[in-house]
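Student: I would like to learn how to read a few features of a protein model. Could we work through one together?

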Amino acid sequence: MKNNELQDQNEVKDQIDVDDKLAEFDTSSNIRSFKGNMAKLITLIAITMSLFHLYTAGFGNLLALKQRSTHLLFVFVLGFLLYPISKKASKRKVPFYDWLFCGLGLVVTSYIILNFDNIVRRNGIPTTIDIVFGVIAILLVLEVTRRSIGPELPIIATVFIVYAFIGPYLPGALGHRGYNISRLVNQLYITLEGIFGTPLAVSSSFVFMFILFGSFLEITGVGQFFIDISFSLAGHKKGGPAKAAVLASGFMGSISGSSIANTVTTGAFTIPLMKKVGYKPNFSGAVEAAASTGGQILPPVMGAAAFIMSEMTGISYLTIVVSAIVPALLYYLGVTVMVHLQASKQGLVGMKKEELPDFKGTMKNGFHLILPLVAVVLFLIIRSPLRAALNSIIIALVVSMLRKHTRIKFKDILFALEDGAKKAVSVAAACACAGIIVGIVSLTGLGLTFANMIVSLAGGMLLPTLILTMIASIILGMGLPTTAKYIILATMAAPALVQLDVPLIAAHLFILYFGVIADVTPPVALAAYAGAGIAGGESFKTGINALKLGSAGFIVPFIFAMNPSLLLIDVTIGGAIVTIATACLGIIAFASGVQGYMFTHTKLHERILFIVSALMLIHPNIVVDTIGLVILAVPVLLQYRRHKTNTIEVKV
């Protein structure tokens, strides 16, 4: 990078303590910091965890219950050693009770591993020690989850546990026969239906390996490469830093598992530059939050939700990512157009080209860093996700050695192994806790009951059901990591849509999109609040701006739920082209209506026409699209004529 304005951002980034910001807004980053022998112990445990998963990825997983128990064993030990009981607790030493929790975690997971044959032979008849250890395991899962991601998910899980006991006393459809502690512990601890169910299964294989892949990518410097490429491509355009932020955050978000972490790490570079060219703090933080949040719905990783979706629905991973591409790109198109129109309204210009990284030079120095990302996509097509992640880690190591300036040392590899394990703790804890919810839903039949209630409340009509499901998805998704929110919503909300013949993949993508959008939806817009913290803006106003920027995300899911051709399901090539083209026009029209600007400031009737035409254009129907195009032509022509008139008057 040259001695220029962008280079100064390294100094700005140094001034912003990224770790402190992450700890403030992202509970999973609020960990203890050790020195000496304790630091060495943590490093040893974390590296051992990564090596275990690398071994099983290469040579085959253990039996299901053993694999998941071993995975949870590491989570308990690292979780209670790394995460303090509260934010005010000491981050320099481990109190005696956390050592006790580590020991209990070791015991209850080792018990499953060492007594596997006896547990299988008992065939669902728990002994007294099974019940005691099961209760301890459930409590430990709730506590390690509370510490690592916050109280929301454990509170929800606790409500579900209480629900399992009080079923006989509840009225109407919510009532059920009720279950004693023996039956509940058997479901949640001994079988593969609760803590050790599908969520933890995916965490102990695909998800962990992709988190580890992300850690290896980070040590190769791919993050800075993405930022440099984004600024070299878009930095000189109108409102350039904001457009570059959208690009960079999309790149990083597509392989990241956290919209908050992506907002903070990428935003430390991009937000100060947006403010420097004239964007207000609230808008600057919102751009980064909206772009980072979109990464959770952008293939190939989709915040790890794609892998869990594949396991829970039986739909192939490749089918899921292909279907998710167009809606995700429409989301980013909406954010980019919003940013462009805001720059036009404020008369903001881009940065000078001499102030930016040179595209050719950046590509020449770092093009090889893209190869692991290309490889992971190719491997995902031809291999299992587990082997794809393993092979891509190997390729990341190999390609980093091709150039001297990206060559990594042995200590960097150890750091990546440690970092990957630490980052996986919060995700795995969330999956184990979500498994409690899934187990109780399966035991009580609450998922079907909840779905019936939504459909009944909506009068059996699709659009009201979609609206109610959207509201439920946003509320249940607030404050939760992507994997946890998807698991809960897939269990509770998606069945309502499937009942009304919405295709299975469309139903699950619908609830995922709205669960993710919760990260920029006030009052619990955590990604937006993180952006506001870096930008020095007001949290709520930043959240409103982020919601406005991501508003296209509210429309697209409704369209593919009602007509799945947008997901490239059962559609010809010609039909797909028409659907995508009209949807793009619809997104641009919608952005113009929301921003109140296209060529110039809109009048009220123009704004209404933009919104109406957008809703019609996004709907994949040739008749509706044609009407939408006709309506769109009216405000476009009015805007263009007024813009030309204003331009002539200015020249005169």
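This is a predicted model: local features need pLDDT of at least 70, side-chain atom pairs count only at pLDDT 80 or more; totals for chains, interfaces and linings use all residues.

Student: How much space lies in the second largest pocket?

Tutor: About 700 Å³. The lining has 31 residues, and the closest to the pocket centre are Gly 250, Phe 251, Ser 254, Leu 298 and Pro 299.

Student: Which helix gives the most to that lining?

Tutor: Helix 16, with nine residues. Helix 11, helix 12, helix 16 and helix 18 each supply at least two.

Student: How do the lining residues divide into nonpolar, polar and charged?

Tutor: There are 27 nonpolar residues, three polar and one charged.

Student: How is a pair of aromatic rings described?

Tutor: By the distance of the centres and the angle of the planes.

Student: Is Ser 249 buried or exposed?

Tutor: Buried means under 20% relative accessible area. Ser 249 has a value of 0%, so Ser 249 is buried. This serine belongs to helix 12.

Student: What does the side chain of Ser 249 make a polar contact with?

Tutor: With the side chain of Glu 288, at 2.4 Å. Beyond its sequence neighbours up to four places away, Ser 249 also touches residues including Asn 262, Thr 266 and Tyr 332.

Technical notes
Residues are numbered from 1 along each chain as its sequence is written. Side-chain values use heavy atoms; hydrogens and water are left out. On a 1 Å grid over the protein atoms alone, a cavity is a set of points where a 1.4 Å probe fits but cannot get out, and a pocket is an open set with protein on both sides within 12 Å along at least five of seven lines; lining residues have an atom within 4 Å of a point. Grid points are joined across faces, edges and corners, and a volume is the space filled by probe spheres set on the points. Helices (H or I, at least four residues) and strands (E, at least two) are DSSP runs, numbered from the N terminus. Ala, Val, Leu, Ile, Met, Phe, Trp, Tyr, Cys and Pro count as nonpolar, Asp, Glu, Lys and Arg as charged, and the others, Gly among them, as polar. Buried means under 20% relative accessible area, exposed over 50%, partly exposed in between (1.4 Å probe, protein chains only). Contact means heavy atoms within 4.5 Å. A polar contact is a pair of N or O atoms within 3.5 Å; within protein, one must be able to donate a hydrogen and the other to accept it, and residues adjacent in sequence count only if both atoms are side-chain atoms.
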